[in-house]
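Me: I have a structure open and want to learn how to read it. Can we go through some features one by one?

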Amino acid sequence: MGHIKHRALPVLALAAVGMIALSSCGAGTRTDNENATTVSCDYTAPEGKTTVNVLAYNSSAIDPFTDTMVKSCSTDDVTLKHDPIDFGGQVTKTTATLAGDTGTYDIIETYGFVIPGFGEEEKLVPLNDLWDKYADDYGLGEISESMVEGMSYDGDIYAIPMQAQMFVMAYRTDIFDDLGLEVPTTFDEMISAAEAIKAEGLMDYPIALPWLATADVTTGFEGAMNSLGADFVTADGDVTLDGPEAKQAVEAMLALKPYMDPQVTTFDQPKVQQQMFNGTAAMSIMFSGRMFDLTLPANSKLSDSFGFAGAPKVSDDAQYSYNRLSIDGWSIPFNTKLDHDMLFQMMASAVSEDASTASVPAAYPAREGMVTEKNSPYGAAANDSIASAMPPIVSPVIADITNEIRPILVSILNGQVSVDDGLAQMQAAGEKIAG
């Protein structure tokens with residue numbers, strides 16, 4: 001594949017594209033996943049015993065690729081080592097391993113949101129030459145070009161895409177059917193459905209969203225702005241956090257709060273899953289990688305009562321859905337001492353056609369045409385959601401702005417500061433970072 005020359009990610013033309021398990025699996029992993037498999041991993045091993053340390057957070061969507069890599073690429077002399085970790089832990093360890101000339105990890109799972117910043121700071125190894133070298137051997141041309149562009153910055157590929165996640169709505173089909181409710185397509189329709197459910201005395205807080213104050217809440221805010229055709233910055237780098245779209249996005253989030261658990265800013269995605277498992281919520285919006293868990297009888301007696309739909313829009317006239325597209329992939333940190341060629345082949349093996357096929361329905365692989373409504377219970381919803389998402393704006397400052405504005409956003413949602421004052425504070429914080 002030719003080198004990527006675009007800095008702005010175009011529309012992801014993927015409409016046709018198609019919890020931590022602690023038992024041992026493979027040579028160096030301590031997770032297990034029935035969607036993992038064994039594939040060919042043909043690399044030239046270094047002399048002597050070698051350990052390859054892999055950093056990847058655990059979820060039902062990521063584990064198949066991690067476990068496949070560890071199982072397939074470990075030999076008597078080469079051990080791929082992966083320890084269970086949650087997403088927050090991965091973020092912390094990624095920052096630490098990239099901070100100095102010597103790091104702890106040799107392969108790290110990354111996602112498109114952080115690629116521009118890491119690329120700008122030269123924290124990851126550009127993969128263009130290795131991509132061209134091994135494209136035919138590993139069928140890399142079958143990987144969605146839009147996803148490759150999503151893992152690229154300023155002409156360089158910084159990760160091999162493995163899978164994508166997008167917002168998907170999960171809802172209780174039994175409750176919706178009994179009350180004659182239609183699946184919501186806007187926030188107002190979500191509120192109307194929640195009012196009907198509360199009126200029947202079925203539950204106090206029918207809506208569940210992951211708005212964790214230390215992470216997810218800004219993802220939700222950005223998703224709301226994206227629904228309205230905006231982001232934290234424009235394609236030209238202008239900060240937009242005091243604009244009309246930002247205000248409408250915050251007010252839309254505030255409108256949902258009365259129908260959500262009062263502790264919503266302490267809830268990450270696993271806690272939202274628990275609300276659905278336990279029957280204390282009837283609607284949730286999470287990344288698609290969390291949907292497969294809802295379908296497993298071992299997780300909930302309600303597993304056959306969940307339906308899935310594309311993400312709703314913030315308003316009737318919104319251009320896009322309330323959505324964030326997250327592309328996950330494998331990267332080589334700049335400070336690893338191991339051979340880049342060997343590491344690239346390990347990563348490419350983990351996203352091979354066989355590995356990607358095995359990952360469905362737990363994951364939404366980066367290879368084109370793999371997920372459909374026939375092989376994934378949420379496949380149609382995921383495809384609908386991707387088709388309705390705003391094309392991401394690629395900027396090296398968005399990640400830093402996100403971290404800086406998060407406590408201000410939480411203060412707005414918790415009523416500690418007015419909407420207008422909070423937006424002004426976020427705008428000032430964003431402009432300080434953007435320069």
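Me: Which exposed residues does the face of H2 turned away from its buried side carry?

Reply: First, the terms. Exposed means over 50% relative accessible area, buried means under 20%, and partly exposed is in between (1.4 Å probe, protein chains only). Helices (H or I, at least four residues) and strands (E, at least two) are DSSP runs, numbered from the N terminus. Here, the face of H2 turned away from its buried side carries Thr92, Thr95 and Ala96.

Me: What should I know about the model itself?

Reply: The model is predicted: local features need pLDDT of at least 70, side-chain atom pairs count only at pLDDT 80 or more, and totals for chains, interfaces and linings use all residues. Residues are numbered from 1 along each chain as its sequence is written, and side-chain values use heavy atoms, with hydrogens and water left out.

Me: Which residues of helix H2 are buried?

Reply: An α-helix has 3.6 residues a turn, so residues three or four places apart point the same way. In H2 (residues 87-97), the buried residues are Gly89, Gln90, Thr94 and Thr97. They sit on the same side of H2, because their arc around the axis is only 135 degrees. That arc is taken from the directions from the helix axis to the C-beta atoms.

Me: What do the buried residues of H2 pack against?

Reply: Contact means heavy atoms within 4.5 Å. The buried residues of H2 pack against strand S1 (50-55), strand S3 (107-111) and helix H3 (115-120).

Me: How many bridges pair S1 with S2, and in which sense?

Reply: Two strands pair if DSSP finds at least two bridges between them. S1 and S2 (residues 78-82) have 5 bridges and pair in the parallel sense. From S1, the chain crosses through helix H1 (residues 63-73) to S2 in a right-handed β-α-β crossover. Right-handed means that, with the strands pointing away from the viewer, the path from the first strand over the helix to the second runs clockwise. Thr50 has Val78 in S2 as its bridge partner. S1 and S3 also run parallel, joined by 2 bridges.
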